[in-house]
Amino acid sequence: MSLRQRLVSQSSVIFGARLFGAGVIFLAQAAIARLWGADILGEYLLIIATVNIVAVVMPLGFETIGTYFAAEYRSKGEGRLLRGFMRRAYGHVALSSLVLLVAGYPLAGLFGEPGRVLLAHWVPACLMALATAVVYCNSALLVGLKRPFSGFFADTIFRPLLIVLCFAFAAMAGDAEARFAELIWLLAIGFAAIAAAQFAWVLRAARHIPDATPAMPGEARRWWRFALPWVVIALATDYFFDIDLLILSHFLDRENLAVFGVCTRVFSLVAFGVSAVYAVTLPDMFERNAAADRPGFLKQIGEANFVACAISIALFAIVVVAGPLLLMLFGPAFQAGVVPLAVLCLALCIRSLFGPAALVLSIHDRPYATLPAIGLGMGVLIGANILLVPAHGLMGAAVAALAAQTFWSAAMWLTAKRMAGIDVSIGPRLVELLAARRVKQL
């Protein structure tokens, strides 16, 4: 099987699982909106967004680099270093959870509307953050250990099914507020159970890596050199819209916030179809780079970019056609999100065209080089939200997100080209395909 076929095959399975899970979550969120109202759905989305952001910070960046280092240690047979990395990552989660539970409560009220919603469900929200952080670490390590299905399925299949099951139980409670409180508690307990089961799978996979390598005292410094910038990268990319929702909670009412939140969940699903391509190919890209096989490394990037761009364009077309039908499930008020949803998904096509610059910079040991581009993107997001949202509402929020992602993608592509000497965009691959076609014609 060729590299391109393998990428399409494995990423399609992963994306199919994500599509199934997203469909299940969509039905649950639509039921919340229909039965309990858009205001309750808005609260639910604020809690989930806050939990996601807190959870990605709790391992102090180690979950964002888990795939990278797990792939390296697996390829070199350095099991001792792998287990040391794991102890550090999960230790950060445990310590951060304790600090959050004790010291976070008096600080949460300082964050306006998101803080008020979170304080009403503080203990289960903390448990959800702990479980989510563990799942992030588990998933990253399993992908690096060439077990992508085990890494992704906990979040793409089991958690969505849990959400539906918990909603079914909570719907039998009293009024809407009581039902919602019970739903959050059930989700917290269920998330913890899934995280524990997946963690056991990580331990099993790690035991297969040999222990022959001696301890390397300087390795911890290398972990931190990658972890600190990558936690910022993860927040600005994977959790971009969670941050955006918290910003928009100061400009939009709860109903419009719920509409935009549903649109961002559709975008996240579409974006996952592209990120799955890079997740599948990352271990092989690392092995090519470690073996100083530059032609093979560039081929890996080119094939991954080609597949990612094709998937993003196809998914954009699907969203344009199916978006109105998806939003119709939530009620008539959610039809206001049809055009903003299309604008958001256009941003994914732009990101795919510019390529995985942050990943290439990290492989070339320059992760900090991504921070200026991220800072530019977040600055554009905040400024554009302030200028556009009060006057244009949902459409202004969508255009602000598109502008932010365009600016930072272009800046990151330029940084990778200057510092790593690699054009990570789709451009080189298109030139290669055109040249091959001309040769065939001759």
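Let's start inside the fold: cysteine 166 sits in helix 7. This is a predicted model, and its protein chain is built with 16 helices and zero strands. From that cysteine we can look at the helix around it, then at the whole chain, and then at a few other residues worth a visit.

- Cysteine 166 has a relative accessible area of 5%, so it is buried, the cut-off being under 20%.
- Leaving aside neighbours within four places in sequence, cysteine 166 is in contact with Leu183, Leu186 and Leu187.
- Isoleucine 184 is 18 residues from cysteine 166 along the chain, and the C-alpha atoms of the two are separated by 8.5 Å.
- Helix 7 covers residues 148-170, 23 residues in all. From its first C-alpha to its last it reaches 32 Å, close to the 33 Å expected at 1.5 Å a residue.
- At alanine 154, helix 7 bends by about 40 degrees.

**The chain as a whole**
- The protein chain has 442 residues, and 56% of them count as buried.
- Among contacts in the protein chain with a separation of 6 or more, 84% come from residues 24 or more positions apart.
- The protein chain has an accessible surface of about 18200 Å². Carbon and sulfur atoms account for 70% of that surface.

- How many disulfides does a search of the whole structure find? The search finds zero.
- A disulfide is a covalent bond between the sulfur atoms of two cysteines.
- For cysteine 263, the closest cysteine sulfur belongs to cysteine 345 and is 8.6 Å away, which is too far for a bond. For comparison, the cut-off for a disulfide is a pair of sulfur atoms within 2.5 Å.
- Cysteine 263 counts as buried, at 1% relative accessibility.
- Cysteine 137 also counts as buried, with a relative accessibility of 2%.

- Helix 2 is mostly covered, with 17 of its 20 residues buried.
- Leucine 60 has a phi near 60 degrees, a positive value in a residue other than glycine.
- Is leucine 60 buried or partly exposed? Leucine 60 counts as partly exposed, because its relative accessibility is 34%.

**Arginine 222 in helix 9**
- Arginine 222 belongs to helix 9, which runs over residues 219-237.
- With a relative accessible area of 18%, arginine 222 is buried, because the cut-off is under 20%.
- The side chains of arginine 222 and glutamate 72 are joined by a polar contact of 2.6 Å.
- Not counting residues up to four places away in sequence, arginine 222 touches Tyr68, Phe69, Glu72 and Tyr73.

**Alanine 342 in helix 13**
- Helix 13 (residues 338-354) is the place of alanine 342.
- Alanine 342 touches Phe316 and Val320, again not counting residues up to four places away in sequence.
- Valine 319 is 23 residues from alanine 342 in sequence, and the two are 6.8 Å apart in space, C-alpha to C-alpha.

Notes:
Residues numbered from 1 in each chain as written. Predicted model: local features only at pLDDT ≥ 70, side-chain atom pairs only at ≥ 80, totals over all residues. Heavy atoms only, no water. Helix = DSSP H or I, 4+ residues; strand = E, 2+ residues; numbered from the N terminus. Expected span 1.5 Å × (residues − 1). Bend = angle between axes of the 7 residues up to and from the residue. Buried < 20%, exposed > 50% of the residue type's maximum accessible area, 1.4 Å probe, protein only. Contact = heavy atoms within 4.5 Å. Areas by Shrake-Rupley, 256 points an atom, 1.4 Å probe, with all protein chains shown as cover. Polar contact = N/O pair within 3.5 Å; in protein donor to acceptor, adjacent residues only side chain to side chain.
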